[in-house]
Amino acid sequence: MNVGRLCNQACKHCHVDAGPDRTELMSRKIFEACLRMVDRDSPSTVDLTGGAPEMNPHFRWFVEELSKRSVKILVRCNLTIILASDYYGELPEFFARNRVEVVSSLPFYQAERTDRQRGTGVFEKSIEALRRLNAVGYGRAGTGLVLNLVYNPAGAFFPAPQDQLERDFRKSLDEGHQVAFNNLFALTNLPINRFLDYLLVSGNYETYMEKLVEAFNPVAASGAMCRSMVSVSWDGRLYDCDFNQVLDLPAQPTVADRVESFDRGAWEHRIISTGRHCFGCTAGAGSSCGGATT
Amino acid sequence: MNPYYDSKDLGQFGKIGDFGAKASADKFFAWYGEVFKEGALTAREKSLIALAVAHAVQCPYCIEAYTTDTLEKGCSGDQQMEAVHVAAAIRGGASMVHSVQLMNKARSLSM
Ligand code: SF4
Ligand code: SF4
């Protein structure tokens, strides 16, 4: 679920084009329709993203409602939001209380490469936010509170193998900053929105697209996340994935396109709307919101 | 005149065998592939060595290729730059150590 484009950051690679000046936010009515869908169709996971999903005024109510149901709750937290004010400073405890699995972007284990992508000072703030999550038990053995990190390359190149990056991040964050986490997901940057602008302006577009196409992996294609999900936009429309959502590439007309009329059976047999951006999901080890797919 | 080095030309490297000496080219690429496989050294260590050597032999194609490759193997800027310093140190050292020959010759000519 993409609950809105409002965000306290404005990262260079953001595929949602999110930022502090965006006004699109999911309404209570759409949230309620999503809850009905959860009750009816029993998905295994509800994955909340944005923008900064925590900035939606209905966010906490919705998470509390979800936590009464047996569904895994995932929140894509950009970390710096935790430091934005006292109100957001309560988030680590709120997440822990509601057994939310936290997934957070950290482009690199060093400040320079992280700040280049996400803005000056973001690395230091992210480390502080991770410490606060660790302090309530996230990423610590035996607590069951899961904190996963997301890596995506700070430029026009592919991610390193996920397990190797995870080892590097763990060593550096543990030794340098005493920060713990559970798993690291390595994502490939998809050529859309701000990252596409960057590719075009920097003259890297052609080479990057050629590399993506050359690295096409049928096994990764068979594991693409759109095969097992439905993506709900802030205004209640349904898409094959978050990327199609921001591109406004609608689901095929053979299926209902609004959350109020979602039909799981029809959705599972739909034809997925694809475009050249899909090569980002199918290159090499594959890429999804949960990292490599192969 | 076109510039000698164009990044796009690297894409043609694999086709040198089509122009001539195909059997040798095929053997070269097979050997090259073997060299860079994970072995006693990791693929990342090999890539950093390649980046250092690329600077020592000053090959623009190899510098671009192994800058990308080391990034894709998760190397940090410090790791990449330290590799280049190693190459530079050996190059510089190789000049400096020859000054021993200078000293030996000078001494042999001097009273
Ligand atoms: S924190 Fe996430 S949603 Fe916000 S601008 Fe950055 S990438 Fe986009
Ligand atoms: S971008 Fe394409 S391949 Fe990737 S999840 Fe979306 S529809 Fe599937």
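1. By class, the shell around ligand 2 holds eight nonpolar residues, three polar ones and no charged ones, where Ala, Val, Leu, Ile, Met, Phe, Trp, Tyr, Cys and Pro count as nonpolar, Asp, Glu, Lys and Arg as charged, and the others, Gly among them, as polar. Among the residues surrounding ligand 2 are A:Leu190, A:Cys226, A:Phe243, A:His277 and A:Cys281, a residue being near a molecule if one of its heavy atoms lies within 4 Å of it.

2. This is a predicted model, in which local features need pLDDT of at least 70 and side-chain atom pairs count only at pLDDT 80 or more, while totals for chains, interfaces and linings use all residues. Residues are numbered from 1 along each chain as its sequence is written, chains are lettered from A and ligands numbered from 1 in the order in which they are written, and side-chain values use heavy atoms, with hydrogens and water left out.

3. The shell around ligand 1 divides into five nonpolar residues, four polar and one charged; including A:Cys7, A:Cys11, A:His13, A:Cys14 and A:Arg118, these residues belong to chain A.

4. In chain A, strand S1 (residues 45-48) is joined by four bridges to the parallel strand S2 (residues 72-76), and A:Leu48 has A:Val75 in S2(A) as its bridge partner; strands are DSSP runs of E, at least two residues long, and helices runs of H or I, at least four, and two strands pair if DSSP finds at least two bridges between them. Together with helix H2 (residues 59-67) of chain A, S1(A) and S2(A) make a right-handed β-α-β unit, meaning that, with the strands pointing away from the viewer, the path from the first strand over the helix to the second runs clockwise.

5. Between the chains, 14 residues of chain A are in contact with 13 of chain B, contact meaning heavy atoms within 4.5 Å.
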